[in-house]
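Biologist: Hi, I'm new to this one. Can you put it up on screen and walk me through it?

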Amino acid sequence: MEGADIAFPHLGIYIPSLPKGISIGSFTIAYYGIIIACGMVGGLLLARWQAKRTGQDPNLYMDFALYGIIFSIIGARIYYVAFSWDSYKDNLLEIFNIRGGGMAIYGSVIAAVITAIVYCRLKKYKFSLFADTAVVGLILGQVIGRYGNFVNKEAFGEYTDSLFAMRLKMEQVTPSNITEAMTKNATIVDGVSYIQVHPTFLYESLWNLIILILMLLYTKKKKFDGEIFLMYLVGYGIGRAWIEGLRTDQLQIGSTGIAVSQVLSAVLAVGGIAYWVYRIFFYEKRKKKEV
């Protein structure tokens, strides 16, 4: 099926046509939005299940969800705009056009954490325990949400001819994300140009799924509250630092050419490991001696 919108040729997977949404009259509901919504609902349900599993009140997480979702969306937009300022500085109203695209997962995570800290203080609840429980829902949302990038044909990596190589119609891809290597290795079928790239959405989704499984398996073996959240910071940070290096749509720090999410991922991973080592080998041992 050479004319497929999206294909994984080495895996024998071909998707003939993949529109960006469902049209109802003159209104279109984007698949991206539907997928993100599914990720949010799935994440909330998993967090409630985790709360029950660990003897907590699931309603605490249901009450948080409304605030967490609203501020996460705002944070995702602020983060994206901040590191793409040149695209918005001459048209400030475009900042509010979320339907036009432009969200960043790290902005969402940062906003969610800040919201959770404030929420826990108001509720007089232990943040580290809350974070351990909520974070499994967060990462499930990321597992599901990455498929929104798939239907939008975005957030992909450089040219590759590996087993998981993904082939896209060049005309359906944002021109700024197309590199010289992609163009050089492009193929033309019936007058249509195709590029072949790393499906980084798939890499990150599968990586996050592995982290989620490990966190769920380790929950009842954790040595201190906050350890599951640390697992997320370290695991996600390591994976994202690698995967971000493959992507061609990186948000960069000014004109340095340095990907901000790659730097942030590395900092979170290294910082998380350092704190984890401190807690296990120093803090916890000292606590036992004092007892």
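This is a predicted model: local features need pLDDT of at least 70, side-chain atom pairs count only at pLDDT 80 or more; totals for chains, interfaces and linings use all residues.

Biologist: OK, and how many helices and strands does the protein have?

Modeller: There are eight helices and seven strands. The radius of gyration is 21 Å, close to the 19 Å that the globule rule gives for 291 residues, so the protein is as compact as a globular protein of that length. Its C-alpha trace spans about 75 × 40 × 40 Å along the principal axes.

Biologist: What share of the residues count as buried?

Modeller: 45% of the 291 residues.

Biologist: Let's talk sheets. What's the strand order in the open sheet of five?

Modeller: The order is β2-β1-β5-β7-β6, with antiparallel pairing. β2 (13–15) and β6 (187–189) are the edge strands, each pairing on one side only. From one strand to the next, the twist averages 25 degrees.

Biologist: How many bridges are there between β6 and β7?

Modeller: Three, in the antiparallel sense, with β7 covering residues 192–197. V189 sits opposite V192 in β7.

Biologist: And the hairpin of β3 and β4, what's between the strands?

Modeller: Two residues, and G25 in that hairpin has a positive phi near 65 degrees. β3 (residues 21–24) and β4 (residues 27–30) pair antiparallel over four bridges. S23 has T28 in β4 as its bridge partner.

Biologist: Switching to helices: how far does α3 reach?

Modeller: α3 runs over residues 105–123 and reaches 26 Å from its first C-alpha to its last, close to the 27 Å expected for its 19 residues.

Biologist: Which residues of α3 are buried?

Modeller: Among them are Y106, V109, A112, A116 and Y119. There's a general point about spacing here: an α-helix has 3.6 residues a turn, so residues three or four places apart point the same way.

Biologist: Last one: where is T160, and is T160 buried or exposed?

Modeller: T160 lies in the loop between α4 (127–152) and β5 (166–169). T160 counts as buried because its relative accessible area is 8%, and the cut-off is under 20%.

Biologist: What is T160 in contact with, leaving aside neighbours within four places in sequence?

Modeller: T160 contacts A165, Q196, V197 and H198.

Key:
Residues are numbered from 1 along each chain as its sequence is written. Side-chain values use heavy atoms; hydrogens and water are left out. The expected span of a helix is 1.5 Å times one less than its number of residues. Buried means under 20% relative accessible area, exposed over 50%, partly exposed in between (1.4 Å probe, protein chains only). Contact means heavy atoms within 4.5 Å. Two strands pair if DSSP finds at least two bridges between them. The radius of gyration is taken over C-alpha atoms; the globule rule is 2.2 Å times the number of residues to the power 0.38. Axes are lines fitted to C-alpha atoms, for helices over the stretch in contact, and angles run from 0 to 180 degrees between N-to-C directions.
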